[in-house]
Every structure is written in C-alpha cells, then in structure tokens.
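Please keep the sequence and the model in view while reading.

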Amino acid sequence: MPNSKEVRVRFAPSPTGDLHVGNIRTALFDWAYARHTGGKFVFRIEDTDTERVTDEYISRAVETLKWLGLDWDEGPEVGGPYGPYLQSQRMDIYAEWAQRFLDQGDAYYCYCSSEELEARREAQRAANVAPGYDGKCRSLSEAELSAFISEGRKPVVRMRMPDGETTFTDLIRGEVTFDHNFVPDFVLVRGDGSPLYTLAVAVDDVLMKISHVLRGEDLLSSTPRQIRVYQAMGLSDADFPHFAHLPFVMGQDNAKLSKRNGEVSIAWYRDRGFLPEAICNYLALLGWSPGEDRENVSMKELTELFTVERVHSSPARFDMKKLEPINGDKIRELDLDDLLSRVTPFLIKDGVIAGTDDQLALVRLTLPLIQERIATLAEVTAMVKFLFVTDFAIEESEQPKIADAQSQSVLQAALDTLNSVSQWDHATIEAALRETLIAGLALKPRIAFGPIRVAVTGSHISPPLFESMELLGRERSLERIAAAVQK
RNA sequence: GGCCCCGUCGUCUAGCGGCCUAGGACUCUGGCUUCUCAAGCCAGCUACGAGGGUUCGAAUCCCUUCGGGGCUACCA
C-alpha cells in the first residue's frame with residue numbers, strides 16, 4: 001500500500017444538478033482528510049454524461065465549494081500538474097487507454113444492441129439467474145463479425161472480467177470480496193466512442209495519482225470494476241488507491257437523501273440564512289464524530305481532528321432540527337462586523353434597507369440585541385424591520401393588545417412620562433417608565449411594557465424594548481405611542 | 001430475485017470484553033431567570049432489533065434471524 005506516498009484525495013462529482021447535502025458531506029470529508037494529512041485536495045468534474053451535465057451546474061458546483069470554504073489545490077480555475085480536471089477535456093486520454101485494453105485483449109468490441117441486451121436480461125431474471133452481460137461477444141467468429149459490421153452496428157468497448165474474485169480493504173468497512181460471477185463484463189466506451197464513468201474514473205484516479213478514494217457507499221459495488229481497470233493499466237496491487245466508502249446521508253423517510261424527501265440543495269440553505277461553517281459542522285457530525293462529547297468544531301478543528309478511522313459505517317439521517325441550533329450557535333460566535341456583513345445581503349434582498357452607510361451603522365447597533373435571538377440570518381429582517389419602515393403599521397393580529405382600557409391608560413401614561421424625559425437613552429427610558437408604571441400604577445412589568453412594545457415595534461415579539469426605543473429615536477417612538485393612543 | 005453494506009435514546013452520536021444501574025448533543029416536557037421573544041441554567045422522558053453461542057464477564061467477539069439501504073445501465 002502506498003503509505004509513503006503523498007496523500008491525494010479527490011472530490012469528483014457529476015454535476016447533474018445543484019450539489020446537494022450528500023455530495024457536500026463527501027466533499028467535506030475529502031477536504032478534511034486532505035487537510036488533516038497535509039496532502040492535496042483535488043477537485044475533478046465527472047462530466048462524461050453529456051446528456052445530463054451542464055456548464056451551468058458545473059459553475060454552480062464550483063461556487064458552492066468556494067462558498068463553503070472547501071478550497072482545492074488542483075481543479076477548475078486553479079489548474080494543476082495533472083489536468084485538465086474536466087473529464088470532457090480528457091477524451092483522447094480515455095480513447096487511448098480503451099484502445100490499449102483492446103490491444104491487450106482485456107477488452108473487446110460488443111455488438112449487442114440495447115434491445116437485445118434488455119431482452120436477454122429479462123430472460124435471465126425470469127430464469128432467476130444473476131442478470132448481467134452473458135459474454136456473447138467475447139469471442140465472435142469472422143462470419144458473425146462481418147455480419148454485424150455490414151449491418152452498420154456501432155460496437156461498445158466492453159471490459160472482460162476474468163473468473164475469480166476481487167478482494168479489497170475498505171478503510172471504513174474492512175475487507176470486502178466480490179465474486180466475479182456477480183460482476184459481469186462492463187462497458188467502457190459507448191457506441192458513439194464516448195467514455196463511461198467506469199473507464200474515466202479509474203484512468204483519472206491513476207493518472208492523477210489519487211491515493212485515497214473517499215466516496216459514497218453507492219459506489220462500493222462498482223469498486224471491483226474500477227480495480228479491474230487498474231489491473232489492465234498495469235498497476236500492481238500496492239499502487240491501488242485506498243478506498244473508503246462513506247455511509248449515506250438519509251432523508252426523513254429513511255431513503256437516501258434526495259430531492260424527493262427533503263431540501264437537499266446547498267443553495268437553498270444558503271438562501272435561508274445558514275452559515276457555511278454551520279452547514280459544515282453539522283454535516284461533519286453525520287457519519288463522523290470528534291469523540292470526547294464534543295460537537296462544536298470549527299473548520300480548522302475539523303481538519304485537525306478528522307480521521308477516516310472515526311467515520312462510521314452506518315447511515316445517518318439529516319435533521320434540520322439540529323442544523324438550526326448549530327447555526328444559531330455559530331451566529332453567536334461571530335463578531336459584530338462579520339455578522340453585519342453576512343446579514344446585510346438579506347436585509348437588502350428583503351427591502352429593509354438599501355445599504356447606505358447610515359443604515360448599516362444603525363443595523364450594527366442593533367446586532368448585539370438580536371444576535372442571540374436568531375437561528376438563521378434570514379430572521380434578522382423581522383427583528384429590525386420596525387427601525388426602517390417608513391409606513392409603520394401595527395400588525396392586525398396585534399391590535400387587540402393595545403385596544404383595551406388598561407393598555408390605553410398605560411400608553412397614555414407612558415406618553416406623558418416620556419415626553420418629559422431629559423435624555424433619550426435606554427437607561428433613562430427604563431427608569432422613567434418603571435417609575436410611573438410599575439411604582440406609580442403598581443402594574444406588573446409584562447402588563448406595563450407589553451402595550452408599549454406593540455405600539456413601538458408593531459409586534460409583541462421584539463428586541464429588548466428600551467434599547468429598541470433608544471435606537472428608534474425619541475421622535476418616532478413618541479409618534480408611534482401617540483398614534484396607538486388615538487385608537 | 002441475486003450480490004454487497006448497515007443495525008445504541010425520536011434524531012446525530014460516545015462506546016472498540018469488565019470504568020455501562022450505557023455518556024453527550026438536538027428535539028420534546030417541566031422549572032428557574034425575565035419587559036416580549038430568544039439566550040442561559042436546572043430537572044425529566046426515552047436506546048444496545050431478536051435469538052443462540054464464546055467468556056468468570058458482552059452494547060462490544062461468532063452464528064442465525066429479522067429489519068433497513070445500495071447495486072444489479074451504452075447514469076454516476
């Protein structure tokens with residue numbers, strides 16, 4: 001095993017859609033392992049399926065990884081010594097190897113049509129035999145061959161699986177063996193000459209000197225095929241990469257997480273106000289744990305603590321209920337300027353502010369009040385909106401809270417007191433209000449401050465009242481209370 | 001169907017033969033604190049899928065069984 005060689009880990013998605021939670025968990029582990037070992041993190045795009053992969057998806061995948069902070073040493077945009085890193089730009093390489101496998105007798109041309117194959121598979125299933133290629137074209141006679149050619153059939157290149165079995169050591173699952181009876185000859189090159197994943201993945205892993213393949217467990221059963229290609233390429237067992245098949249991330253319905261059973265797009269979480277470091281921290285906990293009853297880990301700590309040995313073999317369910325509190329914790333760890341810069345795009349998008357310096361300065365002052373009250377960045381809008389609206393209005397459902405006689409008398413008393421207050425800061429406001437309402441009218445705090453809160457912020461849920469009034473300013477605060485009194 | 005992988009609280013997990021009357025986190029339920037909402041603090045509920053072995057001793061090792069998942073393409 002290539003222990004002495006440099007660790008080179010790759011993340012090689014096939015962007016047939018936006019990168020989702022499962023992809024990213026894999027990318028995160030790949031990245032963390034590379035960083036932990038001081039090796040290289042290679043980002044490769046597997047776009048051999050031209051029907052389904054688009055340039056748009058590829059650039060979104062690049063953006064997503066950047067946003068998450070999973071920086072790569074080799075790959076799109078940065079290049080590297082083993083490029084290109086888009087498989088669609090490596091077609092000639094795959095063609096050369098396919099030809100060589102043909103020449104060596106490891107692979108052969110197969111003229112069976114899709115229809116014929118399907119019919120034979122049906123028959124196999126009916127006869128309760130393991131379905132798979134039956135080897136029909138392994139040795140064609142001259143007559144059969146020329147017949148197919150004159151028919152104009154375009155052959156695929158198929159890899160020959162010899163009798164026997166393949167055994168390899170999975171870093172997470174231990175020794176795994178596949179009997180070749182259940183690993184049929186597989187296609188390397190399509191009839192139109194384009195390569196398949198089975199060819200490209202193995203060729204690239206070898207050519208890019210990948211030392212560790214950490215990927216989803218759905219690829220576990222394709223590993224014997226990959227190893228078969230290594231052998232045809234002339235690699236000795238000692239030079240095969242190490243394999244580690246990561247457990248799935250499941251949806252709530254206990255099936256592999258997909259678009260059908262939950263929100264899977266990382267972009268969706270970004271737009272909802274989740275922090276990249278929170279997403280990474282939570283995802284790191286799906287299938288791995290730092291031990292020692294620890295859960296909150298920074299990206300840096302993740303790279304320090306991550307080892308494949310601590311990755312589980314069993315699948316984990318993705319649970320928003322846990323992502324949210326982690327996100328809240330991460331928000332609370334942010335310093336004010338950092339939080340401000342992250343929150344600003346949401347406020348602008350929601351039309352709360354335009355982004356002027358004055359507005360940002362005011363937002364920054366409110367941040368200490370709301371930082372511990374939000375679990376996602378998007379929630380900040382509801383919290384600070386009352387400070388910026390020009391057409392202030394109390395929510396319909398909140399009207400009853402200020403309409404009754406007691407509330408009205410509270411509001412009137414507050415208005416009178418506040419009108420004569422000498423300074424407009426939260427300490428002075430609070431002292432004055434407590435003096436007249438709590439001490440004077442003998443009201444319970446929640447009875448006294450509730451109506452004022454609704455009058456000033458428009459809702460019974462808000463940042464702390466006195467600080468809110470200070471930030472709102474004397475004029476607007478009194479205006480709003482006065483307006484509420486007239487109801 | 002066949003092959004392969006997996007199985008600790010509702011969820012994520014700690015545990016790698018005795019430290020486990022199974023620990024932590026999230027959720028949930030009470031309570032404290034309190035100008036609302038949060039945050040914070042305290043308490044509580046709840047788990048080794050089942051059955052056999054091995055052993056002085058098993059959540060930890062073996063077997064069977066049940067359950068879940070993946071693969072079974074000219075997708076990846």
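What distance separates the centres of domain 1 and domain 2, taken over C-alpha atoms? The distance between these two centres is 29 Å. This is a predicted model, in which local features need pLDDT of at least 70 and side-chain atom pairs count only at pLDDT 80 or more, while totals for chains, interfaces and linings use all residues. Residues are numbered from 1 along each chain as its sequence is written, chains are lettered from A and ligands numbered from 1 in the order in which they are written, and side-chain values use heavy atoms, with hydrogens and water left out.

**Domains**

- Chain A is divided into domain 1 (1–76 + 247–333), domain 2 (90–246), domain 3 (334–386) and domain 4 (392–487), with bounds from an automatic or database domain assignment.
- Domain 1 places 26 residues in contact with 29 residues of domain 2, where contact means heavy atoms within 4.5 Å.

**The largest pocket**

- A pocket is defined on a 1 Å grid over the protein atoms alone, as an open set of points where a 1.4 Å probe fits, with protein on both sides within 12 Å along at least five of seven lines; lining residues have an atom within 4 Å of a point.
- The largest pocket has a volume of about 1,000 Å³, the volume being the space filled by probe spheres set on the points.
- Its lining comprises 37 residues, of which Pro-13, Ser-14, Asn-23, Asp-218 and Leu-219 lie nearest the centre of the pocket.
- Helix H1 supplies the largest share of this lining, five residues; helices are DSSP runs (H or I, at least four residues), numbered from the N terminus.
- Because domain 1 and domain 2 both give residues to the lining, the largest pocket lies between them.

**RNA strand B**

- RNA strand B is surrounded by 65 residues, the closest being Asp-49, Arg-173, Glu-372, Arg-373 and Arg-453; a residue is near the strand if one of its heavy atoms lies within 4 Å of it.
- Of the atoms of RNA strand B that come within 4 Å of the protein, 72% belong to sugar and phosphate.
- A backbone N or O atom of Gly-191 is 3.1 Å from a base oxygen of RNA strand B.
- A polar backbone atom of Lys-321 lies 2.8 Å from a sugar or linking oxygen of RNA strand B.

Technical notes. Helix = DSSP H or I, 4+ residues; strand = E, 2+ residues; numbered from the N terminus. Polar contact = N/O pair within 3.5 Å; in protein donor to acceptor, adjacent residues only side chain to side chain.
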